[in-house]
Amino acid sequence: MKSRLEWRRARVIETSQPAEDVRMVTFAVEGLRGGFDPGSHSNIKVLINGAPAIRTYTVIPSAPGTLAIAVKLHPNSRGGSAYIWTLQPGDETEMTEPENRFELSWRASHYLLIAGGVGVTPIYGMAQALAARGQSMRMIYGAKNRSLMAFAGELQALLGERLACFSQDDGQAMDLKAEFAALPEDGEAYICGPLGLLEAAKSLWQQSGRPMSRLRYEVFGDNGRFAEQEFSVRVAGLERSVAVRADQTMLDALSEAGVPMIFDCRRGECGLCAVSILSSTGEIDHRDVFFSDAERRENPRICACVSRLCGGELVIDTGYRQEKAA
Ligand code: FES
């Protein structure tokens, strides 16, 4: 289990709504080290059905001594976004020092930034950082319609013709194949958005023959193919079954039940929380970006922090992990 989280007291100082379904909350954070780092994220203590939980959100540009997040009220939310939407100036919680697993490399001659919906949150900070340093760049931004594009006005003012927006309701769509083909050999692409967009980008990037190290991505763990449902998980060797509520991750349910789990990102990116699947009676909603489809076929595993079962029972093997001594 990760122990290097540095928690800080955080007080809400401002809220706003940069898009119809996105709420931005700015916190004054005590003892915050360092300035804004594009692509970084912070953990925040939330309440879900009155019970404490931890959620992770990308931080967006804000003044020194503050952290700002922009959160979509997701219909499939496990409860974190609903809590964030209730916050008002003066409310207090705790947040961690931001960490970054989605950093700009600063080595490319040209950057392509790709945002899908609320996936704009890390991309917005990257666009500001690249523009401030005069880097060659282009950003493409897609959403169902303009009213759901947070920060579109700010980005338009910042990037001008370097920004192209695509509204699905107007029949517009990104042409990722053409965008990738137009990149110079040492160009890089950074993408954040729903799983479908990410998988399409990964596949087209691979087909283009470009090195995968030059496509960097981040996805939202609560963005699955199916709505959350309750299911049960049985750990091989342990004579009991653990219920996973619809508003809970499998990682949290197993940890609370005393099954030692290791994890790091809680976002389906690092693979540390992966456990082997022995059997399942329901469809598995894989929400990680760590395993490829081929890897899942060869060695069925599931990232407990984000992926889940659509009802029924999942039987897993946690490998070397043993139940905590009573
Ligand atoms: S903790 Fe990183 S993939 Fe689950």
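Two strands pair if DSSP finds at least two bridges between them. Helices (H or I, at least four residues) and strands (E, at least two) are DSSP runs, numbered from the N terminus.

This is a predicted model, in which local features need pLDDT of at least 70, side-chain atom pairs count only at pLDDT 80 or more, and totals for chains, interfaces and linings use all residues. Residues are numbered from 1 along each chain as its sequence is written, and side-chain values use heavy atoms, with hydrogens and water left out.

**Overall build**

The protein has 7 helices and 19 strands. Its radius of gyration is 20 Å, close to the 20 Å that the globule rule gives for 326 residues, so the protein is as compact as a globular protein of that length. The radius is taken over C-alpha atoms, and the rule is 2.2 Å times the number of residues to the power 0.38. Along the principal axes, the C-alpha atoms fill a box of roughly 60 × 50 × 35 Å.

Of the 326 residues, 53% are buried. Buried means under 20% relative accessible area, exposed over 50%, and partly exposed in between (1.4 Å probe, protein chains only). Contact means heavy atoms within 4.5 Å. Among contacts with a separation of 6 or more, 69% link residues 24 or more positions apart.

The accessible surface comes to about 14,300 Å², and carbon and sulfur atoms hold 49% of it. These areas come from the Shrake-Rupley method with a 1.4 Å probe; for residues, only the protein chains shown count as cover. The protein carries 36 positive and 41 negative charges, and their mean positions are 2 Å apart. Lys and Arg count as positive and Asp and Glu as negative, while His and the chain ends are not counted. Each charge is placed at NZ of Lys, CZ of Arg, CG of Asp or CD of Glu.

β11 pairs with β8 and with β12. Tyr190 in β11 stands opposite Leu113. Ile191 has Tyr217 of β12 as its bridge partner.

**Strand β1 and its neighbours**

β1 pairs with β6 and with β2. Arg11 stands opposite Glu92 in β6. Ser16 has Met24 of β2 as its bridge partner. A hairpin through 2 residues joins β1 to β2.

| Strand pair | Sense | Bridges |
|---|---|---|
| β8 (residues 111-116) and β11 | parallel | 5 bridges |
| β11 and β12 | parallel | 5 bridges |
| β1 (residues 7-19) and β6 (residues 92-96) | antiparallel | 5 bridges |
| β1 and β2 (residues 22-29) | antiparallel | 7 bridges |

**Loop residues**

Most residues other than glycine have a negative phi. Trp106 has a positive phi, near 60 degrees. Trp106 lies in the loop between β7 (99-100) and β8. At 30% relative accessibility, Trp106 is partly exposed.

Phe151 also has a positive phi, about 65 degrees, although it is not a glycine. Phe151 sits in the loop between β9 (137-143) and α3 (152-159). With a relative accessible area of 3%, Phe151 is buried.

Pro211 is in the loop between α5 (195-207) and β12 (215-219). At 42% relative accessibility, Pro211 is partly exposed. The C-alpha atoms of Pro211 and Asp186 are separated by 9.4 Å, with the two 25 residues apart along the chain.
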